[in-house]
Amino acid sequence: MERYQRIRDLREDRDLTQAQVGAEIGVSQRTYAYYESGQRMIPPHILCALADFYDVSVDYLLNRTDRYESVEQI
């Protein structure tokens, strides 16, 4: 299993390309692809941007919880 499988799943569930998500969070498609595949660790500010973009918690992205909701939604 890939290190950051959830960010891939969230992207695919929304029919988005890596380039589209990268543009939304301020990184290139290649950099985003490295994050998604686990070849690079995702910096904290990018994790926060992804959590905001998908409206989920950082803990959900990191598989620390199965709760999809962000804290604000609870």
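Predicted model: local features only at pLDDT ≥ 70, side-chain atom pairs only at ≥ 80, totals over all residues.
Residues are numbered from 1 along each chain as its sequence is written, and side-chain values use heavy atoms, with hydrogens and water left out. Local features need pLDDT of at least 70 and side-chain atom pairs count only at pLDDT 80 or more, while totals for chains, interfaces and linings use all residues.

Helices here are DSSP runs of H or I with at least four residues, numbered from the N terminus. Helix H1 spans residues 5-13, and Gln5, Arg6, Ile7, Leu10 and Arg11 are buried in it (under 20% relative accessible area; exposed is over 50% and partly exposed in between, with a 1.4 Å probe and protein chains only). The cover over these buried residues includes helices H2 (18-25), H3 (29-37), H4 (44-54) and H5 (58-61), where contact means heavy atoms within 4.5 Å. After H1 comes Asp15, with a positive phi near 55 degrees.

Five salt bridges were counted, each a side-chain nitrogen of Lys or Arg within 4 Å of a carboxyl oxygen of Asp or Glu. One of them pairs Asp66 with Arg6 at 2.7 Å, N to O. Asp66 belongs to the segment after H5 and Arg6 to helix H1, so this pair ties together parts 60 residues apart in sequence. Asp66 is exposed at 67%, whereas Arg6 is buried at 14%.

Within H1, Arg8 and Glu12 meet in a salt bridge at 3.0 Å; the two are four residues apart, about one turn of the helix. Arg8 is partly exposed at 29%, as is Glu12 at 36%. Glu12 also bridges to Arg11 at 4.0 Å. Through shared partners, salt bridges join Arg8, Arg11, Glu12 and Glu36 into one network.
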